[in-house]
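Below is a set of questions and answers on one protein model. Please read them beside the sequence and the coordinates.

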Amino acid sequence: MAVGDAIKDKVLRSLLQAALLVVVGALAGAVFNTVRHEGLPWSSTVPAPGAEGAVPSVSAADAWREYRKGLVQFIDARSAGEYEAGHLPGALSLPVEQTGELADRVRIPAGRTAVIYCSDPACPKSAQLASLLSKRGLTGLKVMPEGWAGWYEAGLPYEEKGGG
Amino acid sequence: MERPPGFSLWGLLVLSFRFVLGAIFLYAGIVKIADPAAFAQAVANYRILPLALVNAAAIILPWVEVLAGASLVLGFFLPGGSLLTAGLLLIFAVALGFDLWRGIDLSCGCFGTSEATVTWLYVLRDAVLCCMACFVWVFSGRSPFAVGNGPGGS
């Protein structure tokens, strides 16, 4: 009985303290975010795929048609591992997690539209990369929402690392 | 309940777990506070939280981590701090495991932006740390395991 009470007491005390730590943490985070130089807005700045004001999108079929005319440079926003397992023809690998210096070296061949994609329609990486690259001054960007999954399912050609 | 044998060694173990966990959480929190935009992106990539809540999580979570870490290192609110640490680690492990299971390619974001792709080892790491935090919680403050030997214990 005494042991049971002690445990109950400890659990309650722990929960109370943990809740207090969370509340203080939330307040500290909110205050610091308000006073700091580059605080985050409370609502997300990453445009949802297909959202209003986001980079224009292009379908896989249209992108393929444009690619065959030499008007498209694909950019793969997924990880290096996914890129190596299979990517769109001639795609540049630009994993959104490590765009820091890579993004500065991106050169889109003149006359081509950069078409950015990630894994599937729900993946946020292509929209993230698009907003990141457009902040760095790149223009003529498009996002292909169907992504790798849509491309693969449509039976369009792709490349593998080493496989050609 | 018997007192664990070699109580001072036990205490030393709790203390070392506290410092290890506390240091990890302090570091993880501070790195994220330094670059909130990168952390928000990492949170969004988990595709678990609705987009509307991503930035709020990115603003608040690092500070909660710092407080939990401070609690462990300094020893204030130790029962709450260790419980919070265990709870956070459990949430991290479940989120990572869920995304691995769904086949979402993900970088952890555990310590700011890391380039490595998440594997099940990350889940194991969180699980081990979670067990350490539970251990600290059990032996934090007035251990209920000592009550049986203590005088009274009403």
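**Charges, rings and the interface**

Q: Over the ring of which residue does the charged end of Lys10(A) sit?
A: A charge counts as over a ring if NZ of Lys or CZ of Arg is within 6 Å of the ring centre and within 35 degrees of the ring normal. The charged end of Lys10(A) lies 4.8 Å from the centre of the ring it covers, that of Trp137(B).

A note on the basis: this is a predicted model, in which local features need pLDDT of at least 70 and side-chain atom pairs pLDDT 80 or more, while totals for chains, interfaces and linings use all residues. Residues are numbered from 1 along each chain as its sequence is written, chains are lettered from A and ligands numbered from 1 in the order in which they are written, and side-chain values use heavy atoms, without hydrogens and water.

Q: Which residues form the salt bridge between chain B and chain A?
A: A salt bridge is a side-chain nitrogen of Lys or Arg within 4 Å of a carboxyl oxygen of Asp or Glu. The count between the two chains is one. At 3.3 Å, N to O, the partners are Arg47(B) and Asp120(A).

Q: How is the pair of Phe74(A) and Tyr117(A) arranged?
A: Rings of Phe, Tyr and Trp (its six-membered ring) pair if their centres lie within 6.5 Å; planes under 30 degrees apart count as stacked, over 60 as edge-to-face and the rest as tilted. A search of the whole structure finds 16 such pairs over all chains. In this one the centres are 6.4 Å apart and the planes at 85°, so the arrangement is edge-to-face.

Q: Is Phe74(A) buried or exposed?
A: Buried means under 20% relative accessible area, exposed over 50% and partly exposed in between (1.4 Å probe, protein chains only). The value for Phe74(A) is 0%, so the residue is buried.

Q: How is the pair of Phe98(B) and Trp101(B) arranged?
A: Both residues lie in helix 4 of chain B, three residues apart, about one turn of the helix. Helices (H or I, at least four residues) and strands (E, at least two) are DSSP runs, numbered from the N terminus. The ring centres are 6.1 Å apart and the planes at 25°, so the pair is stacked.

Q: What is the relative accessibility of Trp101(B)?
A: Phe98(B), its partner in the stacked pair, is partly exposed at 36%. Trp101(B) counts as exposed, because its relative accessibility is 67%.
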